[in-house]
Amino acid sequence: MTLHANPYEPIAARLAEVVDETPTIKTFIFTPDEPIPFVSGQFVQLCLPGIGEAPFTPSSSPREPNRIEITILRTGAVTEALHRLEPGAELGIRGPLGKGYPVDELEGKDILVVGGGVGLAPLRALLYHLFHIRDQVGKIEIKYGARSPEELLFRRQYGQWSVLPGVRFSATVDVPHPQWTGRTGVVTVLLDDIQLDLKSCLVFSCGPGVMFKFVVQKLLELGARPEQIYLSMNRRMSCGIGKCGRCNIGPYYLCKDGPDMNYAKIMGYADVF
Amino acid sequence: MQRTPRLLREDRLSDFLCALPGDHCFVSVETKSGTDYAEYPTSSTALRFHRPTSPIKQFFLPPREHIAAYWGAQGLPEIVPFSLVGLRNCDLLSLRYLDHVFLGGICEDPFYRARRAAAFLVSVDCLPPQKTCFCTAVGGRPYPEGGFDINLSPVDDGYVAVAGSDAGESLLAGLPFLEDAGDHLLGQVEAARSSMVEALAPAAGSVDPDRAARTLAGTEVNRAWEPWAGKCVECGACTAVCPTCHCYYIIDTPGIDPEIQPGAYAKVRTWDSCLLAEYARMAGAGAKLTPRPRLRSRLSNRVLHKYVYSPDQYGMCGCLGCGRCDEACLGGMKIRDMVDAVGSQR
């Protein structure tokens, strides 16, 4: 059995840099021993020797397979350990895994991006791709919600995004502080102000499950069809290659068929949200 | 290669078993609690008994095995050739199912592939059925129709041996103690097979997989599962004995061999069960950390995977009618009763 035939064998990677994003979220910049060419939306398993592995979608541009950024919320055993790592640490990467976003279907379409919390991280990889092919797509609107102003992710970039032609960005927070002058409320409040064609656009959303429920409900009310909506679904994963059985929605395994699932495919399964 | 039926006399069975390829030979044996597998030589070889209680997935997907090491594959266990004797048709069909999972899809599982290539499979016709057997209800037969290297059909004087692969035919052709199997022996085989199908007749209509695929679809969170969840003690025995259940989890452990790689870590996979509450639990402190917080949803997910999702995923029903889960259930549940009750309540 050769090493490369073993999908469970991680590629060694070094942690080059850590960026503090919010009180609970950091971006980790890895340099893998071999390039990991990924499509935006594809994910990797980060393997911490002796601790375990967990799935994360890169937040960096797919055009940089030698320098991968992954933006991670501190929330469990693996992410706690990750947040304690210093630059120079060695760890493993398995991937890329999953299908990623349907990048072949973007041409000529208006794109609506709806993120919640750390869910903006995988969407940023898509945004980098969209900005790269900006002349091939229509309008791009980004709607983002976070718990509080200090939890707003990548906030230094909002200005750069907003000035790109055809790009609109807006954010809202659940719990504002006195200096907050922006919108307040969950991300669906931003969906009343959409300036693109909801009947033909594609929607990409990533965030907590409860957010999906309300985002989908709102979009359908506004006239979008399930086929237009892609959700980056959350399920526990292990193998990453569609065999261990863990991450199913009906007959689909998110690791193999997703994690970004067309809503029309999964809406019939009663335990989706 | 032409496949000639041959007579293996009972008193030559041990010679036959000794001639099988591989470093190990596991045969089905009679034990105090039923039938199981043991390494040959053993005095309790049981080829004319009930199908073994344990599934054969253990030989292809061990309950616990090392699958990777940081960094490099040093010390991963060697997979050696072996023979497996006494497989029933449901066992062979379970391999067909597991082949879809582990050899199909986006990539192969190298460990399953290596074990599959290392295995020489000797099956037998079923004689007699277990009380819980219902293979004919889900489209199976109580005798193998393919997927074996050699099949043995019990007759009065021994077994009619037929090869199902070139490797099997070569082996049979080289055994001087085998005799031509005349038509009367082939007639005996046919008669025994018919009587087995007849013995299973009471179970034959007990579940209809096509109907189940329709009636169970969409019942993921249906309350009709509630009474069954009330009987389930969440032990995971059904998933352990099911020949098609294959869920596993990958964990990090200290290195495979500390002498080879001191201070190193490795990855181990262990069997898991979708019925357990922690199975799909994600990290965090949010409102819904598992998609199936209720036992009734986990139970429905298991049964729907067999009858509704598997036909979509692999083109075959995930339930082979072996009845092992019925045998193992501490709550006394029978999968056919669940399918029937939930399907008819919609």
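In the predicted model, the C-alpha centres of domain 1 of chain B and domain 2 of chain B are separated by 30 Å. The domain assignment places residues 6–61 + 77–202 of chain B in domain 1 and residues 209–236 + 274–345 in domain 2. Contact between these two domains involves 20 residues of domain 1 of chain B and 18 residues of domain 2 of chain B. The area buried between them is about 1,600 Å², with 62% of it on carbon and sulfur atoms. Within domain 1 of chain B, the residues that lose the most area to domain 2 of chain B are Tyr97(B), Phe134(B) and Val138(B), which together account for 42% of what that side buries.

Polar interactions also occur across this domain interface of chain B. Two salt bridges are counted between domain 1 of chain B and domain 2 of chain B. A salt bridge joins the side chains of Arg51(B) and Glu327(B), with an N to O distance of 2.7 Å. The side of domain 1 of chain B that touches domain 2 of chain B consists of 11 nonpolar, six polar and three charged residues.

Chain A is likewise assigned two domains, domain 1 covering residues 3–97 and domain 2 covering residues 103–232. Their C-alpha centres are 24 Å apart. In this case 21 residues of domain 1 of chain A contact 18 residues of domain 2 of chain A, and about 1,400 Å² is buried between the two domains, 57% of it on carbon and sulfur atoms. One salt bridge is counted between domain 1 of chain A and domain 2 of chain A. Glu69(A) and Arg124(A) form a salt bridge in which the closest N and O atoms are 2.8 Å apart. Seven residue pairs are in polar contact across the interface of domain 1 of chain A and domain 2 of chain A, again with both residues at pLDDT 80 or more.

On the side of domain 1 of chain A that touches domain 2 of chain A, at least two residues each are supplied by β1 (11–20), β2 (25–32) and β5 (68–73) of chain A. The most is given by β5(A), with four residues. By class, this side of domain 1 of chain A comprises eight nonpolar, nine polar and four charged residues.

Between the chains, 44 residues of chain A are in contact with 47 residues of chain B. Chain A and chain B bury about 3,700 Å² between them, and carbon and sulfur atoms give 58% of this area. Three salt bridges are found across the interface of chain A and chain B. Asp271(A) and Arg292(B) meet in a salt bridge through their side chains, at 3.4 Å from N to O. The interface of chain A and chain B also has 30 residue pairs in polar contact, both residues at pLDDT 80 or more.

Strands β1, β3 (43–48), β4 (52–56) and β6 (90–97) of chain A each contribute at least two residues to the side of chain A that touches chain B. The largest share of that side, four residues, comes from β6(A). The side of chain A that touches chain B divides into 22 nonpolar, 12 polar and 10 charged residues.

Over all chains, 23 aromatic pairs are found in the whole structure. Phe204(A) and Tyr230(A) form a stacked pair, at 5.3 Å centre to centre and with 20 degrees between the planes. The pair links distant parts of the chain, Phe204(A) lying in strand β11 (residues 202–206) and Tyr230(A) in strand β12 (residues 229–232) of chain A, 26 residues apart.

Technical notes. Residues are numbered from 1 along each chain as its sequence is written. Chains are lettered from A and ligands numbered from 1 in the order in which they are written. This is a predicted model: local features need pLDDT of at least 70, side-chain atom pairs count only at pLDDT 80 or more; totals for chains, interfaces and linings use all residues. Side-chain values use heavy atoms; hydrogens and water are left out. Domain bounds come from an automatic or database domain assignment. Contact means heavy atoms within 4.5 Å. Buried area is the accessible area (1.4 Å probe) that two parts lose on being put together, summed over both. A salt bridge is a side-chain nitrogen of Lys or Arg within 4 Å of a carboxyl oxygen of Asp or Glu. A polar contact is a pair of N or O atoms within 3.5 Å; within protein, one must be able to donate a hydrogen and the other to accept it, and residues adjacent in sequence count only if both atoms are side-chain atoms. Ala, Val, Leu, Ile, Met, Phe, Trp, Tyr, Cys and Pro count as nonpolar, Asp, Glu, Lys and Arg as charged, and the others, Gly among them, as polar. Rings of Phe, Tyr and Trp (its six-membered ring) pair if their centres lie within 6.5 Å; planes under 30 degrees apart count as stacked, over 60 as edge-to-face and the rest as tilted.
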